[in-house]
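Q: I should like to learn how to read the features of a structure, one at a time. May we work through the example displayed here?

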Amino acid sequence: MQRFENLTRGGQVRRMRHLAEAALTAYDLGAVQITPLMHFFNTTFRIDSCSRPDNMCGEDAHAQERYVLRIHRPGSQDALTIQSELLWLLALRRDMDLIVPEPVLTRDGRLLTVATVAGVPEVRHCVVFRWVYGRFLRTQLGAREMERVGAFMARMHVYAERFVAPPDFFRKRWDCQGIRSEVLGTDVAQSWLHLSESQRTLLTATEQKVQRTMQTLGEGRAVFGMIHADFYERNYLFRHGEIHAIDFDGCGWGYYLFDIGVAFSTLLARSDYSALRASFLQGYRSVRPLSTEHEGLIDTFIAARLMGHILWLAAHVDEPAYGLRATRRIAYETEELTRLL
C-alpha cells in the first residue's frame, strides 16, 4: 500500500473518507451521505443523514439533518485541548444564546471519538458538529453587516470576562510566543529560511512592539480571556439578519484586541476599510466598552496577526500545493505590516 504522504490530494481524501466512515460508527446518525469539504490542516466532511425504508441513502432519500465531521491532524491538539474547545462552545450556546457550532455526543455520551484505518497514519481525534446554516458575504460585506459582526464579537468578550474555566480545561495561549509559533506549531527556524533579511528585521521589530504592548496591558479579565482568534469573514455567516460563527479550532486565551485585529487584518486592502472598521467598532461599543486608548492599540494587534501568519506561511513554502500561494501572500502581508509599523 502506498504511503499516505506520497498520495495525491485526491488519494488522501479517499482514504480519509474511510476513516470518516469508521469515526461515524461511534454516533447514532443512521444512514448518511459523506461529502468532502476541506483537506489541509484538519480534514472536514459534510454529513447528511437521510431516511428511506431500507435505511440506505440514494437519489430518492430525504435529508433529515446535516452535520460536519472534523478529523484532526495528528499531533495538532490532544483530546483535552479539543474537549475544552467543545466545552467553550457549549457554554457560549447555553449562557449567551449565540449561534456557534453545537457538538454532537457519541452514543456513549462523549464529546469526541478516535478512529483509525489502514492506510491513514496514526489514530485521529474526531468531532461531529451540527451544521451551522448561513451565507458568507466576504467581498459583499458592508457597513451594516460589520456593525453586527462587531456586536457579536463583543458578546463573546462580555462572556469571556466572567467565564470560569471548569476543571481540566486547557486551551493554548495567544500571547506573543503563541502567535509566533506555539499555537500553530510553526517551526520559526524553518520559516526564517524562506524570508529575506529585510523581512526578518521587520518581524523582529513587530515582535518587540507587540511584546511591549502586551506587557503594558497585563492579563486582567478586562483585556485578556477566551477569544475566537480566527474571526474573519470566512468564519462568520449571515442568516435572517443574525451572525452565526464557525471554526473555533483556534480558540484560546488571548487579548480581546487581538481578536479585533484578526477581524480587521483581512480587510486592509479594501477601499472601504475605514468605513468597515468604524462600523465594526460602533457595533462592538453598543455591547461592550472600548476606550479610545485601547482603540489606538488595534493596529499593533493587526500587526501581531500578520506577523504570526507570515511565519506560518513561510513554514509551508516548500509544500507543492501551497507554496506559490504562500509566497504571494507573504509579499502582500509584508507590505501591509510595513505600512502599519
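Q: How many residues lie between E8 and E9 in their hairpin, and which residue in the turn has a positive phi?
A: The model is a predicted one. Strands of a sheet pair through backbone hydrogen bonds, either parallel or antiparallel. Here E8 and E9 form a hairpin with two residues between them. In the turn, His240 has a positive phi of about 50 degrees. The two strands run antiparallel, and four bridges join E8 to E9, which covers residues 242-245. Within this pairing, Arg239 stands opposite Glu242 in E9.

Q: Is Ala229 buried or exposed? And is Glu122 buried or exposed?
A: The reasoning rests on relative accessible area: under 20% is buried and over 50% is exposed. Ala229 has a relative accessibility of 1%, and therefore counts as buried. Glu122 has 54%, so Glu122 counts as exposed.

Q: How does Phe41 count by accessibility, and what is Phe41 in contact with?
A: Phe41 counts as partly exposed because its relative accessibility is 30%. Its place is the loop between strand E1 (32-39) and strand E2 (43-51). Leaving aside neighbours within four places in sequence, Phe41 is in contact with Arg73 and Ser76.

Q: What is the order of the strands in the open sheet of three strands?
A: The order is E6-E10-E7, and the pairing is mixed. Strand E6 (173-174) and strand E7 (224-227) are the edge strands, each pairing on one side only. E7 pairs with E10, residues 252-255, in the antiparallel sense over four bridges. As an instance, Gly225 has Gly254 in E10 as its bridge partner.

Q: Which helix lies across E6, E7 and E10?
A: Helix H7, residues 256-265, lies across these strands and runs at about 45 degrees to E7.

Q: How is the packing of H7 with H8 read, and which residues make the contact?
A: Two packed helices are described by the angle between their axes and the distance between the axes. The axes of H7 and H8 (residues 273-285) come within 11 Å and cross at roughly 145 degrees. The crossing of H7 and H8 is right-handed. H7 contributes Tyr256, Ile260, Ala263 and Phe264 to the contact, while H8 contributes Tyr273, Arg277, Phe280, Leu281 and Tyr284. By class, the contact of H7 with H8 has eight nonpolar residues, one charged residue and no polar ones.

Q: What span should the 18 residues of helix H11 have, and how far apart are its end C-alpha atoms?
A: At 1.5 Å a residue, H11 (residues 323-340) should span 26 Å; its end C-alpha atoms are 25 Å apart, which agrees.

Q: Which residues of H11 are buried, and against which helices do they pack?
A: An α-helix has 3.6 residues a turn, so residues three or four places apart point the same way. The buried residues of H11 include Ala326, Ile330, Glu333 and Leu337. The buried residues of H11 pack against helix H6 (197-217) and helix H10 (298-314).

Notes:
Residues are numbered from 1 along each chain as its sequence is written. This is a predicted model: local features need pLDDT of at least 70, side-chain atom pairs count only at pLDDT 80 or more; totals for chains, interfaces and linings use all residues. Side-chain values use heavy atoms; hydrogens and water are left out. Two strands pair if DSSP finds at least two bridges between them. Contact means heavy atoms within 4.5 Å. Axes are lines fitted to C-alpha atoms, for helices over the stretch in contact, and angles run from 0 to 180 degrees between N-to-C directions. The expected span of a helix is 1.5 Å times one less than its number of residues. Buried means under 20% relative accessible area, exposed over 50%, partly exposed in between (1.4 Å probe, protein chains only). A crossing is left-handed if the near helix is turned anticlockwise from the far one by less than a right angle, and right-handed if clockwise. Ala, Val, Leu, Ile, Met, Phe, Trp, Tyr, Cys and Pro count as nonpolar, Asp, Glu, Lys and Arg as charged, and the others, Gly among them, as polar.
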